[in-house]
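Morning, everyone. Please have the sequence and the 3D view open. I'll take the interface, then a helix pair.

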Amino acid sequence: MTQPTLEDIRREVATYLADKWQSSVVVVAIEQIFGGASRETYLLQLDVDGSSRGVVLRRDPPSSLIDTERSLEYGAYAAIYPTSIPVPEPLFLENDASILGAPFSIMSEVANAISDVALLSADGRQRIGAQKWQLLGKLAAMDPIQLGFDDVCRVPELGRCAAEQLAYWRSVIETDEIHPQPVAAAALRWLERNLPAPAQKLVVVHGDYRSGNFLYEPEGDITAVLDWEMCHLGDPMEDLAWSLDPLWCWGIPELAGNLLPYDEAIAIWEEASGLVLNRQDFYWWRVFAAVKGLAIWISSSEDFHHGAGKQSILAYAGWAMSDKQNRILLDYLSPLSTHQFGGPRL
Amino acid sequence: MIPYPASGLKMLAERLLGTVVPALGSKYAMSDTAMLSMLMVALAEEMESGVARRLQDIEAMAGLFQVAREAGIDVAPTESIAAEQRTLSQVNEIHDGMTAQLIVLHAEVEASDDYSELNLAIWGYLQANAERHKLAL
């Protein structure tokens, strides 16, 4: 089986889960979810021995925005699930590609929740925004070794977190660029010249902590943090900078992630994490976040042109997101910039 | 008939969005097709003015290289563009070659205090380039 149809998935998943649970399983409904392209994602409504429940299937695609290990993602969900950071319950990781034509994982559905923060009222943005940065602060306050992350990913030295991440994303840009990238090249040189101080502490870095990667109940709370496929151990500034990248402000430039004023988001994170921001080092991480974003969009463009996947989201990311990310980097670094996106002043 | 590919592509995209998307059975297919339609509109715009924008870039980069040569920096000669080369893919190739040269020049220029004006001019070019190619997506 190469690319299964929805009917293939319906049939194979029912058989798979019936075997795992030793129960009668009928897939009542199945729907592919549009958006994040790191995995093909499907929502399945099941009848299990007469009871209803929903599960989410994540299947490796032919190509993706982010080349990541499914075992890392699944391991992160399993390690975080028992904590106060809400994530979907991980159920099964299946590396046998013969079942659905590619490895996959299955998680419980987080019901009655949405991810689009544009739907929030002003009060809702305040409430969900506060929770978003509280949760990130809580994650930074946790000991990754106690959570068992040393079994899931490599443990870097505090003084090497920034340099190792920079080297990784530089290699992605250099390997995947279809056209020469003068803004990325200038930004990489700046990052090399201005490496920050060692990390204050080692933390679990989600790697893609942004609006759109969590679910919330429309009148309630954040109920799940999703998409842990880029998670690793590193500097707490990394996730905070990524979460505050102006790329994630689609309609309201003054609100980080379309939710809260930047300084408010930072203050909430500081209180929840018990850490204090060093503004100079943090500026480095903000420039790094923009370079990492650009690397992902460059990579998705390469995947669209040369890879097996021809998903529209890859073309969109490779074009539109690169465009805005380049302008963010110019805003940060150009001596001629008027710093519309905050620049070093944030 | 003189064909108008850009407006034709835009019309096809509108038809996709207005007629095909509402008739699709799944949310995934609707979102995917709507995004395809949006990309087709952006491609139509690129077909219409992509060559002109790249030629502006090329002229600006050639100017920067000339300033660099006058300042004593070794920059390889710039290819001239014949009229028959002015298709998008051929102009792209020349644009890429010059951009690669610009990256090398920028690294050299920013490493020395002697070339601060040229450094500013390169940043100015990068900003102007980003604005010129800004997408409405």
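Start with a term. Buried area is the accessible area, taken with a 1.4 Å probe, that two parts lose on being put together, summed over both. The size of an interface is often given this way. One caution: this is a predicted model.

Now the two chains. How much area is buried between chain B and chain A? About 2700 Å². Carbon and sulfur atoms give 72% of that. The contact takes 29 residues from chain B, and 29 residues from chain A. Look at chain B. Tyr28(B), Met35(B) and Trp123(B) lose the most area to chain A. Together they make 25% of what that side buries.

Next, polar links. Seven residue pairs are in polar contact between chain B and chain A, counting pairs with both residues at pLDDT 80 or more. Which elements of chain B give two or more residues to the side that touches chain A? They are H2, helix H3 (88–110) and helix H4 (116–132) of chain B. H2(B) gives the most, with 11 residues. By class, the side of chain B that touches chain A divides into 16 nonpolar, six polar and seven charged residues.

On to charge. Three salt bridges cross the interface of chain B and chain A. In one salt bridge, the side chains of Lys27(B) and Glu31(A) meet at 4.0 Å, N to O. Over all chains, the structure holds 22 salt bridges. Back to that pair: Lys27(B) lies in helix H2 of chain B and Glu31(A) in strand E1 (residues 25–33) of chain A, so the pair joins two chains.

Now stay inside chain B. Two packed helices are described by the angle between their axes and the distance between the axes. Take helix H1 (residues 5–23) and helix H2 (residues 27–70) of chain B. Their axes come within 8 Å and cross at roughly 170°. Angles over 145 degrees count as roughly antiparallel. H1(B) and H2(B) are therefore roughly antiparallel to each other.

Who meets whom? From H1(B), the residues include Leu9(B), Leu12(B), Leu16(B) and Val21(B). From H2(B), they include Met30(B), Val41(B), Leu43(B) and Met47(B). The contact of H1(B) with H2(B) has 16 nonpolar, two polar and two charged residues.

That's my part. Thanks.

Notes:
Residues are numbered from 1 along each chain as its sequence is written. Chains are lettered from A and ligands numbered from 1 in the order in which they are written. This is a predicted model: local features need pLDDT of at least 70, side-chain atom pairs count only at pLDDT 80 or more; totals for chains, interfaces and linings use all residues. Side-chain values use heavy atoms; hydrogens and water are left out. Axes are lines fitted to C-alpha atoms, for helices over the stretch in contact, and angles run from 0 to 180 degrees between N-to-C directions. Helices (H or I, at least four residues) and strands (E, at least two) are DSSP runs, numbered from the N terminus. Angles under 35 degrees count as roughly parallel, over 145 as roughly antiparallel, 65 to 115 as roughly perpendicular and the rest as oblique. Contact means heavy atoms within 4.5 Å. Ala, Val, Leu, Ile, Met, Phe, Trp, Tyr, Cys and Pro count as nonpolar, Asp, Glu, Lys and Arg as charged, and the others, Gly among them, as polar. A polar contact is a pair of N or O atoms within 3.5 Å; within protein, one must be able to donate a hydrogen and the other to accept it, and residues adjacent in sequence count only if both atoms are side-chain atoms.
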